[in-house]
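Student: I have a new structure to look at. Can we go through it by asking what each term rests on?
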Amino acid sequence: MSQVKQNNIKLLNVHSGLNSPGLTADTAVSKGDYQYWHYGCDNFDDRGWGCGYRTLQTMCSWIKYQLEATNQDLCSTSYPEDDSTPLHLHNEDAYGICVIASVEDSVSSSITRHENTLSDIGVSDKITQNISLGVGKASINEVPSIPNAQEALVTIGDKPSEFYGSHQWIGSYEVCLCIDYFFKVPCRILHVSKGSELKQHLSALKNHFKNLGSPVMMGGDTDNASKGILGVCTRPAALLVLDPHYYGPVSDVATLQAAGFIRWTPIEDFHENSFYNFCIPQLAAAEEKQQII
């Protein structure tokens with residue numbers, strides 16, 4: 001491919017000004033600043049395979065801003081204290097959510113979970129190993145590059161050495177691992193068995209945006225194009241989708257919105273037979289000044 005020539009500008013808060021399809025009471029959106037990362041935006045040509053990394057970078061930019069705003073140390077993030085203990089991956093059917101969080105010990109085993117295997121976790125084989133990274137290298141001023149993310153996944157044993165420098169895509173599970181590795185922020189994975197059931201999970205997503213406010217990654221199997229989710233509307237049912245597949249220089253938010261790269265998408269437009277995984281960072285927006293629930 002030809003070398004990417006971009007203006008290297010990363011726009012902030014590209015959903016600003018978009019009207020919700022529903023009433024204010026039925027809508028919740030991301031809180032706090034984030035950058036829009038997309039194909040080629042850092043002069044690295046990842047067209048056709050890098051959408052998951054770009055969504056990761058958008059999420060990391062949000063985390064960076066929140067940690068800077070609160071002068072929060074990388075290791076001081078709170079962890080959930082409810083039934084979904086952060087040391088385990090729970091069965092999605094029983095609990096609805098997988099929790100992935102860091103602890104202080106070193107990696108005890110290599111655990112690989114891709115988009116097409118998360119749905120296979122059963123109660124009898126609930127993973128009880130600590131998913132322990134504890135070796136994050138980035139400061140809160142850095143959003144990891146694609147090579148940084150690939151190197152991290154190799155370092156923690158999730159990927160083989162040949163993964164570094166490849167064009168292999170990543171899904172929600174790998175995004176959780178990277179967010180933990182670079183920022184020590186735990187994530188949850190909300191598993192939806194098929195797109196036709198998305199409407200049943202809108203209230204949970206709405207609560208997330210109201211109480212925490214972080215951008216969310218959405219990945220699937222037959223619908224395997226990574227998406228950032230910046231909001232939810234329950235009536236009419238819709239998700240605010242941030243599409244990382246834009247390629248080329250971008251100078252203003254209006255252009256992105258007019259082209260549909262940030263848009264409210266009706267639930268009916270998602271693949272009804274594709275399962276979906278949502279990677280949900282467990283960090284509150286700085287403006288909330290509240291503890292992780």
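Predicted model: local features only at pLDDT ≥ 70, side-chain atom pairs only at ≥ 80, totals over all residues.

Student: What makes α4 "mostly covered"?

Tutor: Count its buried residues: 12 of 12. Buried means under 20% relative accessible area. Among those that pass in α4 are Ser172, Glu174 and Asp180, along with Val175, Ile179 and Phe183.

Student: How do you know that the length of α1 fits a helix?

Tutor: At 1.5 Å a residue, the 20 residues of α1 should span 28 Å. The end C-alpha atoms of α1 are 29 Å apart, which agrees. After α1 comes Asn71, with a positive phi near 50°.

Student: How many residues of α1 are buried?

Tutor: In α1, 16 of the 20 residues are buried, so this helix is mostly covered.

Student: Why is Cys51 called buried?

Tutor: Cys51 belongs to helix α1. Its relative accessibility is 9%. The cut-off is under 20%, so Cys51 counts as buried.

Student: Which residues is Cys51 in contact with, leaving aside neighbours within four places in sequence?

Tutor: They are Tyr39, Ala225, Ser226, Pro244 and His245. Also look at Trp169. Cys51 and Trp169 are 118 residues apart in sequence, yet their C-alpha atoms are 7.6 Å apart in space.

Student: Why are α3 and α4 called roughly perpendicular?

Tutor: Their axes cross at roughly 90°. Angles of 65 to 115 degrees count as roughly perpendicular, so α3 and α4 get that name. The two axes come within 10 Å.

Student: Which residues make that contact between α3 and α4?

Tutor: From α3 come Asn148, Ala149, Ala152, Leu153 and Thr155. From α4 come Glu174, Leu177, Cys178, Tyr181 and Phe182. By class, the contact of α3 with α4 has seven nonpolar, two polar and one charged residues.

Student: And what makes α1 and α3 roughly perpendicular?

Tutor: The angle between α1 and α3 is about 100°, with the axes 10 Å apart. That angle lies in the 65 to 115 range, so α1 and α3 are roughly perpendicular to each other. Tyr53, Arg54, Leu56 and Gln57 in α1 meet Ile146, Ala149 and Gln150 in α3. This contact of α1 with α3 divides into four nonpolar, two polar and one charged residues.

Student: What makes a group of residues a nonpolar core?

Tutor: The residues must be buried, of nonpolar kinds such as Val, Leu and Ile, and joined through side-chain atoms within 4.5 Å. The largest such core here has 49 residues. Those with the most contacts inside this core include Val14, Leu56, Val175 and Leu256.

Student: Which elements give two or more residues to this core?

Tutor: They are α1, α3, α4, β3, β5, β6 and β7. The most comes from α4, with nine residues.

Student: Which residues does Leu256 touch, not counting those up to four places away in sequence?

Tutor: Leu256 touches Leu11, Val14, Tyr36, Tyr246, Val250, Phe261 and Ile262.

Note on methods
Residues numbered from 1 in each chain as written. Heavy atoms only, no water. Buried < 20%, exposed > 50% of the residue type's maximum accessible area, 1.4 Å probe, protein only. Helix = DSSP H or I, 4+ residues; strand = E, 2+ residues; numbered from the N terminus. Contact = heavy atoms within 4.5 Å. Expected span 1.5 Å × (residues − 1). Axes fitted to C-alpha atoms, helices over the stretch in contact; angles between N-to-C directions. Parallel < 35°, antiparallel > 145°, perpendicular 65-115°, else oblique. Nonpolar A, V, L, I, M, F, W, Y, C, P; charged D, E, K, R; others polar.
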